[in-house]
Amino acid sequence: MEQIAPDGVDGRRPFTVHVFGHTTVSTPDRTLRASDFTGVKPRQILELVALGRGEPVRKTVIAEHIWSGRPPRRWQVTLESYVALLRRALQPGVPGRATVLCTTPGGYRFDTERVRIDLHDFEERIRRAGHTTPAQALPFWESAVSIADGTLLATEPYATWAVDARRAHERALHAAAAAGAEIALALREAERAVPLARLATELDPLAEHGWQLLIRAELAAGRRAEAAHAFHACRAGLRRDLGLEPDVRTRELFADVLAGHAV
């Protein structure tokens, strides 16, 4: 199986685009931060192309997003000028079409032979976790979660396209955390299950499955008080926000906590 290099170690792909947290690009010479892309629109072009995970992103789509549905009359010329600025920021002195930002018919993409994208790495680990044994899958779930160590596209708190991407990613991250916790519990790795289950509850506090995983993990780790606290936090949130009580399975787990049973 091909190895996935840890962050910053892949000599074959010397550029890394980070869209978790505030947008940055690590190059062989320096790190470009959100303010280094010569303006908001060049930075947003970078982010939108990164969301393509190496697949072409059409110019019409980019224009629709960076001008909030109202591109100017000569938007294509203006867009291409922004792309030129972005390329110069990424690779000063390199001819435009030789840069890591490639032109495709009607759009742009990153050269994934030279560029890593952290969001793509996150999704690749999830894909691999789903195609191997539980013991081999657990490190992939854990590393996927560790990559997503900040809010997706935090530099774009209000742009509709960024908000939509963030919501989709949060669902994927919640599913990854819950799946990892399930496998860790099945492997009797309670200490590894706890942080994954806790993340699931933080991402969706009203989803009881995450709380059930956390109660099970804390109890399996021998921490009855923490397991009880998880149950009470779950019940308080459901009562406050939905006017509901925990379901039968959650209450059964709390009974196990009270009885001191392992689960």
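Strand 1 (residues 15-18) is covered on both faces, with Phe15 and Val17 buried on one side and Thr16 and His18 buried on the other; buried here means under 20% relative accessible area, with a 1.4 Å probe and protein chains only. Strands (E, at least two residues) and helices (H or I, at least four) are DSSP runs numbered from the N terminus. The model is predicted, so local features need pLDDT of at least 70 and side-chain atom pairs pLDDT 80 or more, while totals for chains, interfaces and linings use all residues. Residues are numbered from 1 along each chain as its sequence is written, and side-chain values use heavy atoms, without hydrogens and water.

Strand 1 has two partners to look at, pairing being called when DSSP finds at least two bridges between strands. The hairpin of strands 1 and 2 has 5 residues between the strands, and glycine 21 adopts a positive phi near 80°.

Turning to the helices, the axes of helix 5 (residues 134-147) and helix 7 (residues 190-203) come within 11 Å and cross at roughly 45°, the axes being lines fitted to C-alpha atoms over the stretch in contact and angles running from 0 to 180 degrees between N-to-C directions. Leu138, Pro139, Glu142 and Val145 of helix 5 make the contact with Arg192, Leu196 and Leu199 of helix 7, where contact means heavy atoms within 4.5 Å.

Key. Buried means under 20% relative accessible area, exposed over 50%, partly exposed in between (1.4 Å probe, protein chains only).
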